[in-house]
Amino acid sequence: MGRLDEWRFCPRCGEPIEVEERHATCAHCGFEEYGNSAPATEALVLRDGRVLLSRRGIEPHKGKWDLPGGFLEEAEHPLDGVRRELREETGLEIEVHRFLRAGVERYGRQDVLILSWLASAPDGEPEATDDVAELAWLAPDELPAPEEFAFAHHARLLADWAGGTLLPKDEPNGP
């Protein structure tokens with residue numbers, strides 16, 4: 001089910017709206033909306049050979065493990081967004097090193113375009129805030145089982161990191 005599938009009325013004028021193939025249009029006022037993926041950022045934050053994981057404090061997937069991050073605000077640059085989200089969720093100021101990968105994952109009733117970054121947090125201890133229930137620094141051999149993650153791409157990304165295939169040897173916390 002797509003984000004627009006349950007739309008019945010125009011959010012601008014209240015008239016009936018037509019939704020076809022992830023595109024909503026209102027014949028009355030001309031409003032248009034597309035069922036695009038919502039942009040989000042996250043960070044693989046490394047320190048001393050460990051990765052920072054967060055346990056979700058809200059739905060969807062409340063109680064499952066996650067990478068810290070979240071949705072971009074309107075017109076926000078992804079690097080600014082990942083720094084803001086990490087500050088909000090962990091209290092840490094991070095250093096972003098490089099872009100890792102992009103993917104699409106289902107989040108409730110919408111699809112999310114996830115931009116994953118490699119980062120470090122050289123100073124301070126994280127504190128779970130915002131929508132995070134718990135934070136933990138985990139070594140590769142301490143990672144949760146794949147089914148304990150909120151989103152499938154986290155298990156794949158962390159398996160690549162733990163297996164030494166994600167980072168080159170000269171990268172911080174590479175093999």
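This note comments on a predicted model, taking up one arginine, a pocket, the salt bridges and a loop glycine in turn.

1. Residue R56. R56 belongs to strand β5, which covers residues 50-56. With a relative accessible area of 9%, R56 is buried, because that value falls under 20%. Its side chain is joined to that of D66 by a polar contact of 2.8 Å. A polar contact of 3.1 Å also joins the side chains of R56 and Y107.

2. Surroundings of R56. Leaving aside residues up to four places away in sequence, R56 touches H61, K62, G63, K64, D66, Y107, D131, A133, A150 and F151.

3. The largest pocket. The space in the largest pocket amounts to about 340 Å³. Its lining comprises 25 residues, and those closest to the centre are R56, D66, G69, G70 and Y107.

4. Make-up of the lining. Elements that each supply at least two residues to the lining of the largest pocket are the strands β4 (38-47), β5, β7 (69-71), β8 (95-107) and β9 (110-120), together with the helices α1 (78-90) and α2 (152-162). Sorted by class, the lining holds 10 nonpolar, 7 polar and 8 charged residues.

5. Salt bridges, and the pair R3 and E33. The count of salt bridges comes to 15. Side chains of opposite charge can pair when their charged atoms come close. One of these bridges is formed by R3 and E33, whose closest N and O atoms are 2.8 Å apart. This pair links distant parts of the chain: R3 is in the segment before β1 (18-20), E33 is in strand β3 (residues 32-34), and 30 residues separate them. R3 counts as partly exposed at 23% relative accessibility, and E33 is likewise partly exposed at 24%.

6. The pair E6 and R109. The side chains of E6 and R109 meet in a salt bridge with an N to O distance of 3.1 Å. Here too distant parts of the chain are linked, since E6 sits in the segment before β1 and R109 in the loop between β8 and β9, 103 residues apart. E6 has a relative accessible area of 40% and is partly exposed; R109, at 47%, also counts as partly exposed.

7. The pair R22 and D111. A further salt bridge is formed by R22 and D111, with the closest N and O atoms 3.4 Å apart. R22 lies in the loop between β1 and β2 (23-25) and D111 in strand β9, so the pair ties together parts that are 89 residues apart in sequence. R22 is partly exposed, with a relative accessible area of 40%, whereas D111 counts as buried at 19%.

8. A salt-bridge network. Through salt bridges that share partners, E73, E76, R84, E85 and E88 are joined into one network.

9. Residue G49. G49 is located in the loop between β4 and β5. Its relative accessible area is 27%, so G49 is partly exposed. G49 and C29 are 20 residues apart in sequence, and their C-alpha atoms are 56 Å apart in space.

Conventions: Residues numbered from 1 in each chain as written. Predicted model: local features only at pLDDT ≥ 70, side-chain atom pairs only at ≥ 80, totals over all residues. Heavy atoms only, no water. Helix = DSSP H or I, 4+ residues; strand = E, 2+ residues; numbered from the N terminus. Buried < 20%, exposed > 50% of the residue type's maximum accessible area, 1.4 Å probe, protein only. Polar contact = N/O pair within 3.5 Å; in protein donor to acceptor, adjacent residues only side chain to side chain. Contact = heavy atoms within 4.5 Å. 1 Å grid on protein atoms, 1.4 Å probe; cavity = no way out; pocket = protein on both sides within 12 Å on 5 of 7 lines; lining within 4 Å. Points joined across faces, edges and corners; volume = space filled by probe spheres on them. Nonpolar A, V, L, I, M, F, W, Y, C, P; charged D, E, K, R; others polar. Salt bridge = Lys/Arg side-chain N within 4 Å of Asp/Glu carboxyl O.
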